Amino acid sequence: MPVQKRNKVAEPAENKKRGISRGLFSMSYLPTRCPSVKKSIPQQDSQRVWLKVVLPIMTAAFFGLFVLWSSSTSEDFVTEVLAHQSEMVQERFFEVPCSEDYDNHKRFAGCTPTKCGRALSDALITIEEAKTIQRLAERGLALGGSDGGASILDLHSGALSMGTHFVNMYRYFGDAIKDVFSEEDFQLYRDIRQRIQLAIATSFGISSSNLYLTKPTFFSRMNSTAAKTTHDEYWHPHIDKVTYGSFDYTSLLYLSDYSKDFGGGRFVFMDEGANKTIEPRVGRVSFFTSGSENLHYVEKVRWGTRYAITISFTCNPDHGIGDPSLT
């Protein structure tokens, strides 16, 4: 679920081959307006026969294509579960070939991905820590929240969903925000961020000191409420490196349990010919290289509430941000 987009780059040709769409429809489907032409009776009869024969065939073909498109983003199309909610995973890594996305940006030796893939661990963050962070998210999002099904809270920039817009909660609430959050909350957030950063560096064979926190980094709360704006439409396939030019490594910390706290809402990687999913589990961390080798989306939440944190890293120090602080 993206926040305000920044550093957007041109969509690679590779993405078009993989069927990534910026929208369901485009102006290209609209017919060209033509001047009226008087038709003879035989021509009209011929048209009626043509419509009776061809139109049902076209309708059936369109319906078949629609079903095929729908299945590509449905739960039934997932062919492999990389980690079930019910299992405890110490560490799991899946290597995939790197895309060419990183060639469109300045490369940083010892950091820009040369080994690409996706990983997950249930051993980095304890359930108690995840529950504490979830309560932080609940308190913050209780100050506002989207009218649609997806709300965000960014402790770094202060961005908070409010109806159909965003506000800067630090300016909007002023010093009263210190009654909502504590410095201990922010310290736990920083500790978690550092552990995830180290895990990414270890898994991808780079130095942790070469990684920089980047924006947007945010809490998300998703439920089954109908979308009111495009910010609520989190389920579209996307590539983080394309959507946010600064991203090199993306991580998610899940704060609620799939099938217990919510239905739907699984994280899905769209691989060639097959989709693979991670089922959220409280305290589970998943992280991956941000290029088109990891095209992904989140299933629509059918019931309940799904909480997570997206924490992102860049190799470019110019795009780095500091940790949030109340002081």
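Visitor: Which cysteine does a disulfide join to Cys-98?
Guide: A disulfide here is a pair of cysteine sulfur atoms within 2.5 Å. In this predicted model, local features need pLDDT of at least 70, side-chain atom pairs count only at pLDDT 80 or more, and totals for chains, interfaces and linings use all residues. Residues are numbered from 1 along each chain as its sequence is written, and side-chain values use heavy atoms, with hydrogens and water left out. At an S to S distance of 2.0 Å, the partner of Cys-98 is Cys-116.

Visitor: How many residues apart are Cys-98 and Cys-116?
Guide: Cys-98 lies in the loop between β2 (92–96) and β3 (116–121), and Cys-116 in strand β3. Strands (E, at least two residues) are DSSP runs, numbered from the N terminus. The pair links distant parts of the chain, and the separation is 18 residues.

Visitor: Is Cys-116 buried or exposed?
Guide: Buried means under 20% relative accessible area, exposed over 50%, and partly exposed in between (1.4 Å probe, protein chains only). Cys-98, at 32%, is partly exposed. Cys-116 has 1% relative accessibility, so this residue is buried.

Visitor: What is the handedness of the disulfide of Cys-111 and Cys-315?
Guide: The sulfur atoms of Cys-111 and Cys-315 are 2.1 Å apart. Because the torsion about their S-S bond is about -80°, the disulfide is left-handed.

Visitor: Which pattern do the disulfides of the protein follow?
Guide: The structure holds two disulfides. One joins Cys-98 to Cys-116, and the other is formed by Cys-111 and Cys-315. With bonded cysteines counted along the chain, the pattern is 1-3, 2-4.

Methods. Helices (H or I, at least four residues) and strands (E, at least two) are DSSP runs, numbered from the N terminus.
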